[in-house]
Amino acid sequence: MTLSESEVTAGLARLPGWAGDTSALSRTVEAASFPDAIALVDRVAVVAEQRDHHPDIDIRWRTVTFTLSTHSAGGVTAKDLELASEIDSLVTG
């Protein structure tokens, strides 16, 4: 079930650096180097596989953009907020 606009807004308030609406959430991160960016993507891939919930990922040298949406539901769900929080842990960890 997709989240309402107010639910997404409340969720984003707990996720600094993330933006979005009921259709998708996104965050762009700049890594120290290209290998660090790839390592971050690799860590996110492991978590995404464990959760069976996969972000769209765009890599531009050291800049990585994660976009989350539950395609099968047609928008943002609780799964997206949970994965965003996990990604934050990996970015700062």
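Which side chain does Arg 27 meet in a salt bridge? In this predicted model, the partner is Asp 88, with an N to O distance of 2.4 Å. Arg 27 sits in strand β2 (residues 25-30) and Asp 88 in helix α3 (residues 78-92), so the pair ties together parts that are 61 residues apart in sequence.

What about the surroundings of that pair? Arg 27 has a relative accessible area of 15%, which makes it buried, because the cut-off for buried is under 20%. Asp 88 comes out at 13% relative accessibility and is buried too.

**The salt bridges around Arg 51**

The count for the model is five salt bridges. Besides the pair of Arg 27 and Asp 88, they include two made by Arg 51, one with Glu 82 and one with Glu 86.

| Pair | N to O distance |
|---|---|
| Arg 27 and Asp 88 | 2.4 Å |
| Arg 51 and Glu 82 | 3.5 Å |
| Arg 51 and Glu 86 | 2.8 Å |

Take the bridge from Arg 51 to Glu 82, at 3.5 Å. Arg 51 belongs to helix α2 (residues 34-51) and Glu 82 to helix α3, so this bridge links parts that are 31 residues apart in sequence.

Now the one from Arg 51 to Glu 86, at 2.8 Å. With Arg 51 in helix α2 and Glu 86 in helix α3, the pair ties together parts that are 35 residues apart in sequence. Through shared partners, the salt bridges join Arg 51, Glu 82 and Glu 86 into one network.

**A look at Thr 70**

Which residues is Thr 70 in contact with, leaving aside its neighbours within four places in sequence? They are His 53, Gly 75, Thr 77, Lys 79 and Asp 80.

Key: Residues are numbered from 1 along each chain as its sequence is written. This is a predicted model: local features need pLDDT of at least 70, side-chain atom pairs count only at pLDDT 80 or more; totals for chains, interfaces and linings use all residues. Side-chain values use heavy atoms; hydrogens and water are left out. A salt bridge is a side-chain nitrogen of Lys or Arg within 4 Å of a carboxyl oxygen of Asp or Glu. Helices (H or I, at least four residues) and strands (E, at least two) are DSSP runs, numbered from the N terminus. Buried means under 20% relative accessible area, exposed over 50%, partly exposed in between (1.4 Å probe, protein chains only). Contact means heavy atoms within 4.5 Å.
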